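Hello,

Here is the structure I promised to pass on to you. Have a look at it first, and then read my notes below.

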Amino acid sequence: MSSIQAKRVVAAFLQFMDGEVKREDYSEDDKQGIEVACQCLQAAYTITSTDVPASQKSLLEIFTDVYPESTEPKVELTEEDKEKAENFKIEGNGYMKNGAFDEAIKSYNKAIEIDPTNAVYYCNRAAAQTGKQAYDRALTDCRKALEIDPDYSKAFSRMGLTYSKMEAFESAVECYEKALKLDPDNEGYKKNLKIAQDKTAAGQGSGMPAAGMPGFPPGMGGFSEMLNNPQFMNMAKTVMEDPAMKDMATQLMGKMMNGGGAGGETSGDTGGLANLMNMGQQFAQQMSQEHPEVVERLRTQIQGENTNPDGSPAATDKEGST
């Protein structure tokens, strides 16, 4: 792929993301994460969404032309199929009790393969993903569960717990409030909402929910200040000008256009946000290797902003797997 073609692909992707950040089902922290990824691409490729020719089809139109929505009739599960799926779910729950998260995910994957329309299976897998700190995948599974059942309070609660683990407490509050609207008498939801509200009031965890740079705290408070730091942006631009990083970004665009996910355990349902986070992690690792002194200074600054050892309790998942 030539550099001109690569720029056209990136510009089309940025145009698509302009619409994504306006979606109501993304939290403000999720939108901030998308905007950060887009700014890195803009700096690396010196192109914006406005550079897409007016005569060019949008990325979504191209994708829909290649992969039209399926018109296949819904397949009804037999009672035997349902029983098999439930047995895999029960097996996964057993692994969860022992903290064997990878094994639990494998069992939930098998249940989902049999019955991909069961919100409980995705929600349980989200719990396992949170247990192994794969927070982006956990959020993806929670959203899939809510896509299937918009009134599934436990999915909102589990999403709130994941945000709490990431120290994105404002997003956690939003999720717990939605869970309580659906299940107003749930004491666990009330307790976790109060914890997230207290953390928010104390000014903790104001950062975006991403897996960040190695050595940084989970809640990247102060990241917006980095984007306004010329030294940081020059460093980011230098790293993104590396041919290997450009190739990685181009491959990411190609995977999204071809309907590919991040691969691995999520059975093809991982969303574009997870892919962006994966690229961000690799980007951060390379910056850490090539500019350790700058990264250390930024890490120290952010750690100081986020540290507040008040001894308050952490949010918990009292319900466990269903």
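**What I found**

Thr 46 sits in the loop between α2 (28-45) and α3 (59-66); helices here are DSSP runs (H or I, at least four residues), numbered from the N terminus. Before going further, please note that this is a predicted model, in which local features need pLDDT of at least 70, side-chain atom pairs count only at pLDDT 80 or more, and totals for chains, interfaces and linings use all residues. Residues are numbered from 1 along each chain as its sequence is written, and side-chain values use heavy atoms, with hydrogens and water left out.

The phi of Thr 46 is near 45 degrees, a positive value in a residue other than glycine. Most residues other than glycine have a negative phi. With 52% relative accessibility, Thr 46 counts as exposed (exposed means over 50% relative accessible area, buried under 20%, and partly exposed in between, with a 1.4 Å probe and protein chains only). Glu 167 also has a positive phi, near 65 degrees. Glu 167 belongs to the loop between α8 and α9 (169-182), and at 24% relative accessibility it counts as partly exposed.

Next, a helix pair. Helix α6 (residues 119-131) and helix α8 (residues 153-165) pack at an angle of about 10 degrees, with axes 10 Å apart (axes are lines fitted to C-alpha atoms, for helices over the stretch in contact, and angles run from 0 to 180 degrees between N-to-C directions). The two are therefore roughly parallel, a label for angles under 35 degrees. On the α6 side, the residues that meet α8 are Cys 123, Asn 124, Ala 126, Ala 127 and Thr 130; their partners in α8 are Lys 154, Ala 155, Arg 158, Thr 162 and Lys 165. Contact here means heavy atoms within 4.5 Å.

Ala 155 turns up again in the largest nonpolar core, which has 32 residues; Ala 155 is among those with the most contacts inside it, as are Leu 146, Met 159 and Tyr 176. Such a core is a set of buried Ala, Val, Leu, Ile, Met, Phe, Trp, Tyr and Cys residues joined through side-chain atoms within 4.5 Å. Helices α5 (101-114), α6, α7 (135-148), α8, α9 and α10 (187-201) each supply at least two of its residues. Another core, of 17 residues, lies apart from it and includes Ala 11 and Leu 41.

Finally, α5 has buried residues that include Ala 104, Ile 105 and Tyr 108, and its buried residues pack against α4 (79-97) and α6.

Best wishes

How values were computed: Angles under 35 degrees count as roughly parallel, over 145 as roughly antiparallel, 65 to 115 as roughly perpendicular and the rest as oblique.
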